[in-house]
Amino acid sequence: MTRVLRSAACLPGVELGREQKHAIGLLCCEKSEPAALKGSPDAQGVGQSKGRILLGRAASELESGMQDYNYVWADCFEITLELSCCKYPLTSELEQEWENNRESLLSFIEKVHIGVKGFVRDAVTKAGLENTTIVVAGIAHNITAGKYGDYHRLLVPGTYNVTAVAVGYTPLTRENIEVKEGDATEVDFFLQPAVMAPAPNLTQLTAAPAPASTVASTVVQAEAPSPTSLHQPVQPVDFRHHHFSDMEIFLRRYANEYPNITRLYSAGKSVELRELYVMEISDNPGVHEAGEPEFKYIGNMHGNEVVGRELLLNLIEYLCKNFGTDPEVTDLVRSTRIHIMPSMNPDGYEKSQEGDRGGTVGRNNSNNYDLNRNFPDQFFQVTDPPQPETLAVMSWLKTYPFVLSANLHGGSLVVNYPYDDDEQGMAIYSKSPDDAVFQQLALSYSKENKMMYQGSPCKDMYPNEYFPHGITNGAQWYNVPGGMQDWNYLNTNCFEVTIELGCVKYPDAEELPKYWEQNRRSLLQFMKQVHRGVWGFVLDATDGRGILNATISVAEINHPVTTYKDGDYWRLLVQGTYKITASARGYNPVTKTVAVDSEGAVQVNFTLKRTDAKVEEGKAPVLNTPDTSDPNEKEFETLIKDLSAENGVERLLLSSSGKVSPYRYRPYKDLSEFLRGLYLNYPHITNLSR
Ligand SMILES: [Zn+2]
């Protein structure tokens with residue numbers, strides 16, 4: 001089918017779809033109807049189209065145009081489409097242009113199947129006869145059969161006499177062939193060798209034509225579903241370095257294939273305006289479920305440290321493909337709202353190079369700032385201007401009630417936990433109030449990664465470096481003022497660690513399956529840590545409603561966390577017994593003693609009574625009240641509405657969060673990356689040639 005699609009196009013004058021007529025009618029609105037049309041031999045039908053379709057010479061005097069060349073010198077029927085009165089419309093109009101033309105573009109492709117088709121064969125040997133001429137009586141335009149004797153003659157509905165003429169054979173005419181609307185009528189010709197035919201020479205004998213069935217049965221094979229069983233989760237298969245467009249298509253593809261558990265959104269834009277994509281994976285995407293903790297992974301903050309980016313794409317594939325069949329994945333996705341940002345520095349990534357071991361090209365963002373030195377610091381004044389990527393992540397962190405996070409880097413092999421710097425700027429252990437929790441979190445990752453756990457990574461580069469059990473306090477290793485993990489801990493309820501995934505920052509693509517193998521258990525194990533410690537609700541004793549922004553304090557740990565809109569909270573803790581106090585403005589605090597086990601999380605709810613403060617007449621007491629207009633829910637509703645609307649083929653590729661428009665102009669590099677991305681993501685139905 002490929003050959004035909006490439007070489008044949010629509011017949012001028014065929015009955016067009018409603019949309020086509022409409023579109024062409026609009027497009028040619030300013031041109032006057034030609035009084036007399038002088039057309040090609042295949043131009044019947046044009047006269048009836050009331051001037052909406054113009055013949056070339058009537059529209060403009062084009063010498064040596066492409067469409068005529070197609071028709072006269074090849075078997076291809078080409079027409080030229082004028083799509084819009086405006087040659088280079090505004091980006092905002094592109095979506096409308098797509099709407100105007102989508103059906104037309106598809107129905108035009110379908111026209112490749114109209115008319116008559118079949119094979120011309122030697123009546124004796126049944127071999128296909130290449131270069132046979134196909135003649136339609138009354139139309140002075142012949143076409144030629146292909147390599148296997150296959151031919152395709154576009155024709156509008158009607159009755160035709162068709163003749164096949166091949167050198168050395170007696171011509172054969174099939175009369176009264178009925179051509180109907182829709183698929184082509186199949187007509188095969190078996191030509192008798194002429195009496196005077198020259199004996200076939202040796203080359204003809206040896207070069208046996210491929211059997212016709214090869215052509216006829218060319219069917220696109222759909223990817224067979226991978227076998228699944230309860231104990232054998234499906235592993236990812238998509239191992240390659242994903243450049244931006246490729247990654248974009250990958251994400252859209254998974255968002256489309258798994259709409260029940262995914263939502264693709266953008267947390268903002270890079271300096272060069274690339275989207276900072278986030279894939280949400282949850283059994284209720286787009287919704288914060290009361291009491292369900294939120295988790296995030298961020299990769300590729302340093303553009304040339306790419307392993308995290310690929311691992312996170314692998315993880316998305318893994319979670320999507322195993323949800324519903326693998327108990328571990330199903331459980332995790334049902335109980336956790338997971339957000340995955342594969343690349344925080346997409347601009348830097350495009351500058352970095354495969355094979356980079358310990359370099360810095362592409363490390364920084366496009367303004368040449370190190371994003372992991374760009375966050376406000378507790379000890380030092382960060383003088384670099386805040387970067388768009390940094391600001392986007394900061395506002396992202398304020399939008400969702402994240403509980404746990406990891407920031408994936410490369411260049412070493414260790415989990416690094418807060419604090420990342422100390423007051424003197426010296427390389428000494430800088431303890432956070434939650435040091436025990438952070439150590440446990442870090443160990444949950446390193447324990448599952450054998451090489452990391454051994455603690456002596458990158459011996460060729462740093463022979464004396466040793467990290468017991470593959471973890472380290474950030475500042476003890478080296479000072480990172482302005483780092484992201486400390487900002488998470490000091491400004492939000494989120495606990496974040498920084499994970500170095502390997503000594504080579506940008507390994508060769510063939511190494512990628514190895515990284516997945518080394519890290520897949522760790523990635524899952526770390527996510528499960530979000531279900532540790534204490535969680536529950538802080539409720540108003542009077543009406544039972546959740547109290548927003550109530551404070552949860554743990555005695556002897558100077559790090560309170562706050563409740564979300566349903567009064568829900570999560571406090572990560574290691575095994576032990578704790579005195580936990582819930583307090584809120586306008587309420588009497590409540591303290592409880594809680595035992596935390598070595599596994600799982602304990603639910604502890606607090607019901608707070610309003611204080612007896614005298615309420616002035618007509619004035620409500622000041623209370624922490626839940627936020628009733630959650631922007632996420634609104635966004636979700638819009639998304640659902642969009643998805644329910646009929647939007648046919650573009651659902652496959654284009655639909656995503658309304659924020660990220662697929663309708664835009666693409667400069668050459670972007671365009672070629674997009675095409676490459678399509679090919680890489682849909683290898684079974686595409687081929688990219690140059
Ligand atoms: Zn890094």
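Glu-82 is located in the loop that connects α4 (66-73) and α5 (94-110); helices (H or I, at least four residues) and strands (E, at least two) are DSSP runs, numbered from the N terminus. The model is predicted, so that local features need pLDDT of at least 70 and side-chain atom pairs count only at pLDDT 80 or more, while totals for chains, interfaces and linings use all residues. Residues are numbered from 1 along each chain as its sequence is written, and side-chain values use heavy atoms, with hydrogens and water left out.

An unreviewed UniProt entry assigns the feature "active site" to Glu-82 and Glu-500. UniProt positions follow the numbering used here, feature names are shortened, and annotations may be inferred rather than shown by experiment. Glu-500 belongs to strand β16 (residues 495-502), and Val-594 belongs to strand β22 (residues 590-596). The table lists the accessibility of these residues, where buried means under 20% relative accessible area, exposed over 50%, and partly exposed in between (1.4 Å probe, protein chains only).

| Residue | Relative accessible area | Class |
|---|---|---|
| Glu-82 | 48% | partly exposed |
| Glu-500 | 7% | buried |
| Val-594 | 4% | buried |

Leaving aside residues up to four places away in sequence, Glu-500 touches His-409, Gly-410, Gly-411, Ser-412, Leu-413, Val-414, Met-452 and Trp-477; contact means heavy atoms within 4.5 Å. The side chain of Glu-500 also reaches the backbone nitrogen of Gly-410 at 3.4 Å. This is a polar contact, that is, a pair of N or O atoms within 3.5 Å; within protein, one must be able to donate a hydrogen and the other to accept it, and residues adjacent in sequence count only if both atoms are side-chain atoms.

For Val-594, with the same exclusion of residues up to four places away in sequence, the contacts are Val-534, Gly-576, Thr-577, Tyr-578, Ile-580, Val-602 and Val-604. Val-594 and Val-604 are separated by 10 residues in sequence and by 8.0 Å in space, C-alpha to C-alpha.

Strand pairing is described next, two strands being paired if DSSP finds at least two bridges between them. Strand β2 (residues 133-136) runs antiparallel to strand β5 (residues 158-165), and 4 bridges join them. Thr-133 has Val-165 in β5 as its bridge partner. β5 also pairs with strand β6 (residues 172-179) in the antiparallel sense, over 6 bridges; here Gly-158 is opposite Val-179 in β6. β5 and β6 form a hairpin with 6 residues between them, and Gly-168 in the turn has a positive phi of about 90°.
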